[in-house]
Amino acid sequence: MPPQQEASEIPDDQISIEQRGDGKIVVRVRSQGPEESRLPDAVFSFRNGDPQYAYWLARLSAMSQPK
């Protein structure tokens, strides 16, 4: 069985991360491929206390830092 792809391997240009007013983090992974056969984007949400919440909050902070 091939190893699972780590979330950190998803390029920044393929995802958008936002933190809503209630603290929830929403992660959208853009679908790829020809427009006529492209699947909808994958959308995930995380609340404080969810196992991946801290990871996505840190990644949002890192993406917000000027380069």
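**View 1. Asp12 and Arg59 are joined through their side chains by a salt bridge, with 2.9 Å from N to O.** A salt bridge here is a side-chain nitrogen of Lys or Arg within 4 Å of a carboxyl oxygen of Asp or Glu. Because Asp12 belongs to the segment before β1 (15-19) and Arg59 to helix α1 (residues 53-64), the pair ties together parts that are 47 residues apart in sequence; helices (H or I, at least four residues) and strands (E, at least two) are DSSP runs, numbered from the N terminus. Arg59 is buried at 11% relative accessibility, whereas Asp12, with a relative accessible area of 34%, is partly exposed (buried is under 20% relative accessible area, exposed over 50%, and partly exposed in between, with a 1.4 Å probe and protein chains only).

The model is predicted, and local features need pLDDT of at least 70, while side-chain atom pairs count only at pLDDT 80 or more and totals for chains, interfaces and linings use all residues. Residues are numbered from 1 along each chain as its sequence is written, and side-chain values use heavy atoms, with hydrogens and water left out.

**View 2. Arg20 and Glu18 form a salt bridge between their side chains, at 3.5 Å from N to O.** Arg20 is partly exposed, its relative accessible area being 43%, and Glu18 is also partly exposed, at 41% relative accessibility. The structure holds two salt bridges.

**View 3. Ser31 is found in the loop between β2 (25-29) and β3 (42-46).** With 19% relative accessibility, Ser31 counts as buried, and its side chain reaches the backbone oxygen of Leu39 at 3.0 Å. When neighbours within four places in sequence are left aside, Ser31 is in contact (heavy atoms within 4.5 Å) with Arg38, Leu39, Pro40 and Asp41.

How values were computed
A polar contact is a pair of N or O atoms within 3.5 Å; within protein, one must be able to donate a hydrogen and the other to accept it, and residues adjacent in sequence count only if both atoms are side-chain atoms.
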